[in-house]
Structure formats: C-alpha cells, structure tokens
Amino acid sequence: MIRTTTEGARKSASAAKSAAKTPASAKLLADIVVWLDDAKAEDVVTIPLEGKSSLGDYMIVASGRSDRHVAAIAEQLREKIKETGQGNVRVEGLAASDWVLIDTGDIIIHVFRPEVREFYNL
C-alpha cells in the first residue's frame, strides 16, 4: 500500500509509475494521483492489486471534504481519464456522492466523504 499526502502526491506518482509492470496502467495511475492532488483530494492511498486480484492492477482510495467536493473530484477524474482515450470509464454513486466509484478497467478509484470512509474503516 502506498499512502500519499497532498505534498507527496507527485513523488508517489513517480514511485507508482516505476513499480508497475503494465506501462499503460502505470502511466494512468501516475496521472490519476496527480489529478487527485490537483483536485485537493485528501488521504490518498494507492493499493497495488496486480497478481492479487482480477479486478484490476491498482485501487486508489481518496476522500473529499463534502458531497460536493466528492462529486467534483469524480467529475474531474472522469473527464481527464476520458481525455486520455480511456472511453470505457464507469462511474457509480455520483447521484448521492457519499462514495463514488470510478472504474477504468485497470484502475479502480474510490472517492469517499470522510464520514463514510471512516464508517468502512478505509
């Protein structure tokens, strides 16, 4: 597990990029970590799943300060991921914005409100 603070997001992105076996997912992971930092996401954690799960190569867990912030983070990520050519981005939970899941296929991103993340102890 790679824990990322807002100050160290760019350093973590390069570390995550070098640790990956799949260059495309490593590049996207590094970009997503930077975009989360740009969107002021908090308590960003990157979990490598490669070889451990068939769900994807990585999972990212992050928090927004409120439901509006969670929704804004999710929308920004969806747009930026689509701009990279990942056309099959799936988003769940955007209506309530307590917990939004963004699935790129190789990378699964969870964005929580702090209370919801605390409830699930993530």
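Let's start with strand β3, residues 58–63, which pairs with strand β6 in the parallel sense over six bridges. When I say that two strands pair, I mean that DSSP finds at least two bridges between them. Within this pairing, Ile 60 stands opposite Ile 109 in β6.

Before we go on, please keep in mind that this is a predicted model: local features need pLDDT of at least 70, side-chain atom pairs count only at pLDDT 80 or more, and totals for chains, interfaces and linings use all residues. Residues are numbered from 1 along each chain as its sequence is written, and side-chain values use heavy atoms, with hydrogens and water left out.

Now for the other partner of β6. Strand β6, residues 107–112, is joined to β5 by five bridges, and here the strands run antiparallel. Ile 109 turns up again, this time with Ile 102 opposite, while His 110 has Leu 101 opposite. The two strands form a hairpin with three residues between them, and in the turn Gly 105 has a positive phi of about 105°.

How covered is β6? Six of its six residues are buried, where buried means under 20% relative accessible area, exposed means over 50% and partly exposed is in between, using a 1.4 Å probe and protein chains only. Ile 107, Ile 109 and Val 111 point one way from the strand, Ile 108, His 110 and Phe 112 point the other way, and all are buried.

Let's step along to β4. Strand β4, residues 90–92, pairs with β5, residues 99–103, in the antiparallel sense over three bridges. Val 91 has Ile 102 as its bridge partner in β5. This hairpin has six residues between the strands, and Gly 93 takes a positive phi near 90°.

On to the helices. Helix α2 (residues 23–38) packs against helix α3 (residues 67–83) at an angle of about 145°, and their axes are 10 Å apart. A word on how that works: axes are lines fitted to C-alpha atoms, for helices over the stretch in contact, and angles run from 0 to 180 degrees between N-to-C directions.

Which residues of α2 and α3 meet? From α2 we have Leu 28, Ile 32, Trp 35 and Leu 36, and from α3 we have Ile 73, Leu 77, Lys 80 and Ile 81; contact here means heavy atoms within 4.5 Å. Seven of these residues are nonpolar, none is polar and one is charged. For those classes, Ala, Val, Leu, Ile, Met, Phe, Trp, Tyr, Cys and Pro count as nonpolar, Asp, Glu, Lys and Arg as charged, and the others, Gly among them, as polar.

Staying with α2, have a look at Lys 27 in that helix. Lys 27 is partly exposed, with a relative accessible area of 43%, and its side chain makes a polar contact of 2.9 Å with the side chain of Asp 31. A polar contact is a pair of N or O atoms within 3.5 Å; within protein, one must be able to donate a hydrogen and the other to accept it, and residues adjacent in sequence count only if both atoms are side-chain atoms.

Finally, the whole chain: there are four helices and six strands. Helices (H or I, at least four residues) and strands (E, at least two) are DSSP runs, numbered from the N terminus. Buried residues make up 44% of the 122 residues.
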